[in-house]
Amino acid sequence: MANNCDIKYNFFYKNLNNQQNIAVNNLYGPILVIAGPGTGKTQIIAMRIGKILMETDTLSNNILCITYTESGANSIRQRLLECIGNEAYKVNIYTFHSFCNFIIRDNLDYWSNIDLIPINQIEKINILKSIIDELPFNSTLKRFNGDIYFDIYRLNNLFSIIKRENWNIKDIILKSKEYLDKTIYTIDGFFYKKSRNKKLTISGLTEKKRINQLIDAINLFPTYIDKMAQLNRYDFDDMIIWTINLLKNKPDILKNLQERYSHILIDEYQDTNESQNFILNQLISFWKNPDIFVVGDDDQSIFKFQGASVKNMAFFIEKYRNFDLKIVVLNKNYRSNHYIIKLSDILINNNQNRIHNKYDTINKKLIPSNTNLKNCKPQIIEYNSVYDELYSTAKYIKTLIKNKYVNPNDIAIIYRNHNLIEPLLIYFDKLNIKYNVKHNNNALNVKIIKQIISIMSYVNNEINDPYSGEDILYKIMHYDFIGINSISIAKISVFLKNYNHNTFLRNFIYSVDKNKNLKNVLNKNEINSLKKLSIKIEIIIKNALENTIQETLEDIIYKFNILNFVMKSSHYEKYINSMNSFIRYIQESINRNSNIDLNQTINNINTMYKYKISIDYNKSMDTNCINCLTAHASKGKEFKYVFLILSNECYWISKKKIIINIIKYLM
């Protein structure tokens, strides 16, 4: 490393506490770092990589660092840049999926079907729908009324977890049947104790039904795989499975990887699932005493819904405890004051499965170590209603910014999920408080895109069933870029009701200039506006019979001069970005299926609305705004002022039960 990088590194190194020093300085053998929140885990990963480069003959590209998310990988890379400079770009920092993608791309000769296309969400929904459509009548998953596709989410979760955990479906079915034949009759409340034949109770019969549904669902997994193959598609979970099979079947490739990476670091180890852990164990399997450095905290496992298993940490301890394993506990918290740490400690102690309850030598009790936070006591405020809470919060934040000159970027609003923040944003808008909502921006929810989709739907309806889109046409007439004011539309509605109640709206505006009875109702400008609308609609419908969906979309944007309207809008940036993303979605749909037509496109869009599938668009982020983010997204971030809103139990406790929980129990 260059001299100026040495200076930076030494500066950071001198500020390490004792436990951080141990984690950074022990460069060889297995090390488990249990890093509580706010204890500087990202810093020690960066410092340890710097130490390896400074004191060993290891090259940058011989170091492998894997974390769970892209944001985590970017955070480590940024911290490493601060510590060692541009050498950080040569260090291999991946997520598990990007690492698997690298291995696959580096060994293309192994796959004959590498030209597979990543499946998108709408394609996955359509595959699952087709599986449900093909269910036999005696299937426990077959529904004959209500939402016949009710089980789509559960099937998707089930198939995904089978892949992530690399489970053998025959084993799962066998264990499920064993549970039905034996275990269920030993569970109190599931059978009649006095019955000679141990008959099941109502709750026992319900449990039996759930297990039979599970077995039927698991049996659909091969069908799901076949349909994916028929479409020439794969998903991210497949990349993990492919890599596992490659490492199992090609020992020479595994050996090359083992030789390439002499030092391996794993961040967020508590969030690794079984498949990811298998890959890690394969990489270090050559050595009895590998140079493996894992950082995690079982109290911070937030990806259990994706198969993360904190038992990995216990397995790691058991596997290497006889091979000079070093366990380092980082418990000096620099992020929070003693009030918050005390409250969090009381809460987390309710979890009896914590790793320090299993090992007496591990003490995870956090120590507040930021002296600047001594006098910052958290406040708990009760309100009479939700609206009272949200409005009072908005007013308080306005006062902070205006009277105390607090930088808005130092303020965070934390909530359970995104739909809870919407009412608060209305108050922010009224009080002229700028904010950034940290979530995917869905183009399908943007007003201008909804209006374009309405026009596409109307055209599609008129092609398939003329005059079936009257309600949509009436709505289209109200759009600002159409140029017809609401009073004119009201006049038309009254006129049609009184004089031409049997006339279709489309026919009415088509012949509006020939209707003598309208002279006393509409003026010349209003009649001309309606005539222009009719001409545009008829041309678009006629062209759509021969055009591709992309050409139809372009026709709508051009004929109604939507781009010019957007350029003059106060929402210009939002509209432009969402339109670009929507156009890209249409182009991608054509690339995936060259035969896709307008009708199928509208059906796909309706499915996306139903199943909350988004078309993400980029939104320029103002750095001087309030930060609005979910508790999930707030992990690892720091702010001077934090507002935890709507903290009632009803907003935070999920009552949703999915079939996956049964599998967890069985396995």
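**Entry 1: helices, strands and overall extent**

I began with the secondary structure and found 28 helices and 14 strands in the protein. I noted at once that this is a predicted model. Next I looked up the extent of the C-alpha trace. Along its principal axes it spans about 95 × 75 × 60 Å.

I then asked what share of the 667 residues is buried. Buried residues make up 47%. The accessible surface of the protein comes to about 36,300 Å². Carbon and sulfur atoms hold 49% of that surface.

Residues 24 or more positions apart account for 77% of them.

**Entry 2: strand β7**

I turned to strand β7, residues 292-296. Is this strand enclosed or open? I counted 5 of its 5 residues as buried, so the rest of the structure largely encloses β7.

I wanted to see both sides of the strand. In a regular strand the side chains alternate between the two faces of the sheet. In β7, Ile 292, Val 294 and Gly 296 point one way. Phe 293 and Val 295 point the other way. I found all of these residues buried.

Which strands pair with β7? I found β1, residues 31-35, running parallel to β7 and joined to it by 4 bridges. In that pairing, Leu 32 has Val 294 as its bridge partner. Strand β6, residues 263-266, also runs parallel to β7, with 3 bridges. There, Leu 265 has Phe 293 as its bridge partner. I followed the chain from β6 through helix α13, residues 274-283, to β7. This β-α-β crossover is right-handed.

**Entry 3: Ala 35**

I stayed with β1 and picked Ala 35, which lies in this strand. Its relative accessible area is 1%. Buried means under 20%, so Ala 35 is buried.

What does Ala 35 touch, beyond residues up to four places away in sequence? I listed Lys 41, Val 295, Gly 296, Asp 297, Gln 300 and Leu 330.

Phe 137 is 102 residues apart from Ala 35 along the chain, and their C-alpha atoms are separated by 53 Å.

**Entry 4: strand β13**

I moved on to strand β13, residues 626-630. It is mostly covered, with 5 of its 5 residues buried. I checked each face. Ile 626, Cys 628 and Thr 630 sit on one side, and Asn 627 and Leu 629 on the other. Both faces are covered.

I looked for the pairing strands too. Strand β11, residues 411-415, runs parallel to β13 and is joined to it by 4 bridges. Ala 412 has Asn 627 of β13 as its bridge partner. Strand β12, residues 435-437, pairs with β13 over 3 bridges, again in the parallel sense. Here I found Tyr 435 opposite Ile 626.

**Entry 5: two helix residues**

I looked up Glu 123 in helix α6, residues 121-133. Is this residue buried or exposed? Its relative accessible area is 12%. The cut-off for buried is under 20%, so Glu 123 is buried. I left aside its neighbours within four places in sequence and found contacts with Pro 118, Arg 233 and Arg 592.

Then I took Leu 533 in helix α22, residues 524-544. At 3% relative accessibility, Leu 533 counts as buried. Leaving aside neighbours within four places in sequence, I found Leu 533 in contact with Met 477, Ile 482, Ile 484, Ile 509 and Phe 560. I also checked Lys 559, 26 residues apart from Leu 533 along the chain. The two C-alpha atoms are separated by 9.5 Å.

**Entry 6: a surface patch**

I ended on the surface. Which residues form a nonpolar patch there? I found Leu 563, Met 567 and Tyr 572. Together they have about 300 Å² of accessible area.

I placed Leu 563 in helix α24, residues 562-567. Its relative accessibility is 45%.

Note on methods. Residues numbered from 1 in each chain as written. Predicted model: local features only at pLDDT ≥ 70, side-chain atom pairs only at ≥ 80, totals over all residues. Heavy atoms only, no water. Buried < 20%, exposed > 50% of the residue type's maximum accessible area, 1.4 Å probe, protein only. Pairing = 2+ DSSP bridges. Patch = residues over 30% accessible without salt bridge, like charges linked within 9 Å, V, L, I, M, F, W, Y side chains within 5 Å. Areas by Shrake-Rupley, 256 points an atom, 1.4 Å probe, with all protein chains shown as cover. Salt bridge = Lys/Arg side-chain N within 4 Å of Asp/Glu carboxyl O. Right-handed = clockwise from strand over helix to strand, strands pointing away. Contact = heavy atoms within 4.5 Å.
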